[in-house]
Amino acid sequence: MDFFAKVVNDIKSVKIQGATNVAKYAVRALKWKSQKIRAKSKIDFLIKLEKYKQILVETRPTEPLMRNILRYVMFNLRESDITTKEIPRLIDIIADEFLFNMNEAKEKISAVGANMIKNHTVVFTHCHSSTVMGILKKAWKDGKRFEVIHTESRPLYQGHITAKELTKAGIPTTMIVDSAISTYIKKADMAIVGADVITADSSLINKIGTLYLALASKRVNIPFFSATVLPKFDPETIFGRVEEIEMRDPKEVWKNPPKKLKILNPAFDITPRNLINAYITEEGLVTPESVSEVISDKYSWILRGIKI
Ligand code: RUB
């Protein structure tokens with residue numbers, strides 16, 4: 001299996017997981033593929049590359065960070081005045097620039113989020129978000145002493161990745177089953193989750209169960225935050241496109257269920273803006289009310305070429 005096929009496979013099977021990792025590997029895979037393409041002209045090259053881009057986009061439908069960056073690469077290639085031979089080099093530059101910017105953005109988010117964590121607090125999180133992990137590890141490194149409670153995140157148990165990372169960092173951590181959220185939320189001072197999508201109405205799409213955690217946080221009156229880079233905004237939702245919620249294989253839930261049993265396995269759910277105190281972003285704390293404005297101001301390229 002070549003690198004491209006492996007990345008496609010690993011994203012589909014959630015071996016590569018989390019919106020940031022998915023986008024990073026997708027851009028690396030496109031870069032790798034661009035070095036293998038043989039084409040007669042620039043147009044021929046771009047047509048072939050577009051097909052590979054589409055294969056990547058379809059690996060997971062609810063991942064606008066990946067869609068945005070792949071669209072950005074294609075847009076720049078189309079617009080640039082370069083020869084076919086020079087295309088892989090340009091992809092290289094754009095991909096490296098993207099990866100550099102993402103790392104820088106995540107460092108800023110870690111710093112902002114770490115400032116928000118006080119000594120002796122209990123932070124609740126869900127699933128596995130590399131962005132949230134960055135915040136917690138930075139706060140711990142800064143000398144803050146706090147605890148984490150997190151879910152196991154059935155059916156794929158991404159909570160195990162969270163547990164391994166946090167315990168390795170020395171952070172006191174308790175894992176609970178997903179359905180115990182309302183029992184243990186009372187012990188928490190704040191909830192921080194990641195994000196897969198920010199929509200035009202400022203809603204958050206994240207791992208299934210996030211809405212439950214947001215509602216539970218509201219009920220016990222603790223703040224609920226989502227830590228995210230802003231290019232997870234889906235520009236197509238501006239024109240009313242409803243973000244597709246990925247439905248995964250029922251076999252992930254039960255390998256040998258009784259015949260005729262219907263099993264539903266959505267990967268994500270939608271948390272409305274009124275349950276979110278703020279997004280923790282590379283531009284600092286951004287309220288749901290102002291998130292669209294900040295995105296159009298700082299990331300105008302996301303909106304480029306998007307049509308009704
Ligand atoms: C992971 C998930 C994460 C976001 C953000 O879902 O919902 O909270 O993707 O992750 P899955 P990050 O495991 O199905 O991909 O902060 O790393 O971008």
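Which residue has a side-chain N or O atom 2.8 Å from an oxygen atom of the ligand? In this predicted model it is Arg60, and the pair counts as a polar contact, defined as two N or O atoms within 3.5 Å. The protein covers 100% of the 460 Å² of accessible area that the ligand has on its own, as computed by the Shrake-Rupley method with a 1.4 Å probe.

The model is predicted, so local features need pLDDT of at least 70 and side-chain atom pairs pLDDT 80 or more, while totals for chains, interfaces and linings use all residues. Residues are numbered from 1 along each chain as its sequence is written, and side-chain values use heavy atoms, with hydrogens and water left out.

Around the ligand stand 19 residues, each with a heavy atom within 4 Å of it; the closest are Gln17, Thr20, Ser129, Ser130 and Thr131. This shell divides into 5 nonpolar, 10 polar and 4 charged residues, with Gly counted as polar, and Asp, Glu, Lys and Arg as charged. Because domain 1 (3–104) and domain 2 (108–299) both give residues to the shell, the ligand lies between them, the bounds coming from an automatic or database domain assignment.

Turning to the backbone, a cis peptide bond, with omega about 0 degrees, joins Arg154 and Pro155. His120, although not a glycine, has a positive phi of about 65 degrees. Most residues other than glycine have a negative phi, and most peptide bonds are trans.

Definitions and conventions: A polar contact is a pair of N or O atoms within 3.5 Å; within protein, one must be able to donate a hydrogen and the other to accept it, and residues adjacent in sequence count only if both atoms are side-chain atoms.
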